[in-house]
Structure formats: C-alpha cells, structure tokens
Amino acid sequence: MALTVYWYPQCGTCKKAKKWLDNQDISYETVHIVEHPPSEEQLKTLIEQSGLPPKKFFNTSGKKYRELGMKDKLQDASEAEMRSWLASDGMLIKRPIVTDGNKVTVGFKEETFENTWK
C-alpha cells in the first residue's frame, strides 16, 4: 500500500523525507498539509496509530505556534482541544506526517524511517 505524506513544499524536513522515500523507491501520495490539513477525526486516528502523545504533533519551532502562545495553552488542554487546534491550521502541525493506514511517523529521522518504512 502506498504511503500518504502530509507535507509542506517549503519545509526542508519534508524535502529530506521525500528524498529518502524516493531513494528507497517507496511510492507515496502527498497531501499539502496547509491547503488540506487532516481533520480532527483523521488526527485522532493518526495520534492513536503513532503511539505518541498529541503534543508531539505540534510544530513547536513554527512561527504560528509562537504567535498563538501554544506552549502555554497546551499545558492544560484536552486531547480534543489539541486536535481542534491542529485541524484548524496546518502550520501548527509538525511535519511530515507519514502513514500507511496502520503505522504513523511524525517528523523525519532517518533511523525512524529505516525502521518503519523500509
């Protein structure tokens, strides 16, 4: 099954992830994370399948994250609130998110990709 890669074309990390997938000859479809951010329901599934806490889905180094004061908001937020914020603005989401419908990776670490997608 082809992978789905939620990415942002100007993102250097996304470009590295795509290059790695291309070099491994792994097929994938891309979804522009800003134009088509995952819905709250999709995020719920992605979070569950990743095994990561919802906070790990936030792009903590992003301008939007700082502008909205997300660091303080996240401390007391419920998972539902976090999913709502993430679904409302693709720039808040750490990227790329890669999924095959069962497994999910967030961000790009070559070792993680080797272990998950090879």
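**Exercise 1.** Find which residue just after α2 takes a positive phi, then work out how the buried residues of α2 are arranged.

*Solution.* Just after α2, G51 has a positive phi of about 75°. Helices here are DSSP runs of H or I with at least four residues, strands are runs of E with at least two, and both are numbered from the N terminus. The model is predicted: local features need pLDDT of at least 70, side-chain atom pairs count only at pLDDT 80 or more, and totals for chains, interfaces and linings use all residues. Residues are numbered from 1 along each chain as its sequence is written, and side-chain values use heavy atoms, with hydrogens and water left out.

Step 1. Helix α2 covers residues 40-50, and its buried residues are L43, L46, I47 and S50. Buried means under 20% relative accessible area, exposed over 50%, and partly exposed in between (1.4 Å probe, protein chains only).

Step 2. Viewed down the axis of α2, these buried residues fall within an arc of 100°, so they line one face of the helix. The arc is that of the directions from the helix axis to the C-beta atoms.

Step 3. E41 and E48, on the other side of α2, are exposed.

Step 4. The cover over the buried residues of α2 includes β1, α5 (79-88), β3 and β4. Contact means heavy atoms within 4.5 Å.

**Exercise 2.** Describe how α2 and α5 cross.

*Solution.* Step 1. Two packed helices are described by the angle between their axes and the distance between the axes. The axes of α2 and α5 come within 9 Å and cross at roughly 120°. Axes are lines fitted to C-alpha atoms, for helices over the stretch in contact, and angles run from 0 to 180 degrees between N-to-C directions.

Step 2. The two helices α2 and α5 are therefore oblique to each other. Angles under 35 degrees count as roughly parallel, over 145 as roughly antiparallel, 65 to 115 as roughly perpendicular and the rest as oblique.

Step 3. The contact is made by E40, L43, K44 and I47 of α2 and by E79, A80, R83, S84, L86 and A87 of α5.

**Exercise 3.** Give the strand order of the open sheet and identify what stands at the edges.

*Solution.* Step 1. The four strands of the open sheet have the order β2-β1-β3-β4, with mixed pairing. Two strands pair if DSSP finds at least two bridges between them.

Step 2. At the edges stand β2 (28-32) and β4 (104-106), each with a single partner strand, so one side of each has no neighbour in the sheet.

Step 3. Strand β3 (residues 97-99) pairs with β4 in the antiparallel sense over three bridges. T99 is opposite V104 in β4.

Step 4. Helix α6 (residues 110-117) lies across β1 (3-7), β3 and β4, and runs at about 175° to β4.

**Exercise 4.** Decide whether P96 is buried or exposed, and describe its peptide bond.

*Solution.* Step 1. P96 lies in the loop between α5 and β3. P96 has 0% relative accessibility and therefore counts as buried.

Step 2. The peptide bond from R95 to P96 is cis, with omega near -5°.

Step 3. Leaving out residues up to four places away in sequence, P96 touches several residues, among them V5, Y6 and F108. The C-alpha atoms of P96 and F108 are separated by 6.8 Å, although the two residues are 12 residues apart along the chain.
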